[in-house]
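This report sets out the fold, the core and the charged pairs of a protein chain. The sequence and the model are shown first.

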Amino acid sequence: MRAFPVTMPSGARYWTVLGEDLAVVPVADQFLRETRFGRDRAESTTEAYARAIALFLRWCVRTGRDWRTAAAELGLFMVWLKFTPAGAGTVVRGPGGEPARAADVIGGSSDAGFRCGRRGLPPCR
């Protein structure tokens with residue numbers, strides 16, 4: 001999963017999420033388009049949301065969890081964010097080690113995961 005910028009024919013831009021097959025993730029794209037154009041949020045807002053959603057969905061895929069119910073195990077997602085370097089499939093560091101991601105990335109992405117599970121929708125809906 002990865003965040004990806006999209007330019008509309010009008011020139012307006014927003015960010016979306018692509019799956020491992022480089023196809024748009026429909027539920028994330030719908031939310032991000034609505035956020036940008038329906039709620040008139042800044043392009044940078046959809047970028048931040050897209051990055052957080054991509055991290056959460058990547059964790060779900062790599063750990064065999066369904067994104068609709070994975071928020072119940074949010075603590076495990078936070079450990080994965082903190083101690084798994086980008087691109088790694090398993091936790092290679094542990095408590096006491098240097099975090100692999102900054103605290104604001106962990107906080108924003110864990111919030112994304114919580115909101116996914118709570119409403120069965122992408123974050124910040």
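The sections below move from the basis of the model to its overall architecture, its core, its helices, its salt bridges and its backbone.

## Basis of the model

The structure is a predicted model, in which local features need pLDDT of at least 70 and side-chain atom pairs count only at pLDDT 80 or more, while totals for chains, interfaces and linings use all residues. Residues are numbered from 1 along each chain as its sequence is written, and side-chain values use heavy atoms, with hydrogens and water left out.

## Overall architecture

The chain contains 4 helices and 2 strands; helices (H or I, at least four residues) and strands (E, at least two) are DSSP runs, numbered from the N terminus. Read from the N terminus, the order of elements is β-β-α-α-α-α.

Of the 125 residues, 38% count as buried, where buried means under 20% relative accessible area, exposed over 50%, and partly exposed in between (1.4 Å probe, protein chains only). The chain exposes about 6700 Å², and carbon and sulfur atoms supply 55% of that area; accessible areas come from the Shrake-Rupley method with a 1.4 Å probe, and for residues only the protein chains shown count as cover. Among contacts (heavy atoms within 4.5 Å) between residues at least 6 apart in sequence, 42% join residues at least 24 apart.

## The nonpolar core

The largest nonpolar core has 24 residues, of which Val-17, Leu-32, Ile-53, Phe-56, Leu-57, Trp-59 and Phe-77 touch the most other members. At least two residues of this core come from each of strand E1 (2–7), strand E2 (13–18), H1, H2 and helix H3 (74–83). The most is given by H2, with 8 residues. A nonpolar core is here a set of buried Ala, Val, Leu, Ile, Met, Phe, Trp, Tyr and Cys residues joined through side-chain atoms within 4.5 Å. In soluble globular proteins, nonpolar side chains tend to be buried together.

In H1, the buried residues are Ala-28, Asp-29, Phe-31, Leu-32, Thr-35 and Arg-36. Seen down the helix axis, these buried residues fall within an arc of 165°, so they line one face of H1; the arc is that of the directions from the helix axis to the C-beta atoms. E2 and H2 are among the elements that cover the buried residues of H1. The face turned away from the buried side of H1 carries the exposed residues Pro-26 and Gly-38.

H2 has 21 residues, which at 1.5 Å a residue should span 30 Å, and its end C-alpha atoms are 30 Å apart, in agreement. The expected span is 1.5 Å times one less than the number of residues in the helix. The buried residues of H2 include Thr-46, Ala-50, Ala-52, Arg-58 and Cys-60. Also buried in H2 are Ile-53, Phe-56, Leu-57 and Trp-59, residues named above among those that touch the most other core members.

## Salt bridges

The structure holds 6 salt bridges, each defined as a side-chain nitrogen of Lys or Arg within 4 Å of a carboxyl oxygen of Asp or Glu. Side chains of opposite charge can pair when their charged atoms come close. One of the bridges joins Arg-33 to Asp-29, with the closest N and O atoms 2.8 Å apart. Because Arg-33 and Asp-29 lie 4 residues apart in helix H1 (residues 26–38), about one helical turn separates them. Arg-33 is partly exposed at 34% relative accessibility, whereas Asp-29 is buried at 9%.

Arg-51 is partly exposed at 43% relative accessibility, and Glu-47 is partly exposed at 25%. Arg-39 and Glu-34 also meet in a salt bridge, at 3.4 Å from N to O. Arg-39 is partly exposed at 36%, as is Glu-34 at 27%.

## Positive phi values

Leu-22, although not a glycine, has a positive phi of about 65°. Leu-22 is found in the loop between E2 and H1 and is exposed at 53% relative accessibility. Asp-40, another residue other than glycine, has a positive phi near 55°; Asp-40 follows H1, lies in the loop between H1 and H2 and is exposed at 64%. Just after H2, Gly-64 takes a positive phi of about 70°.
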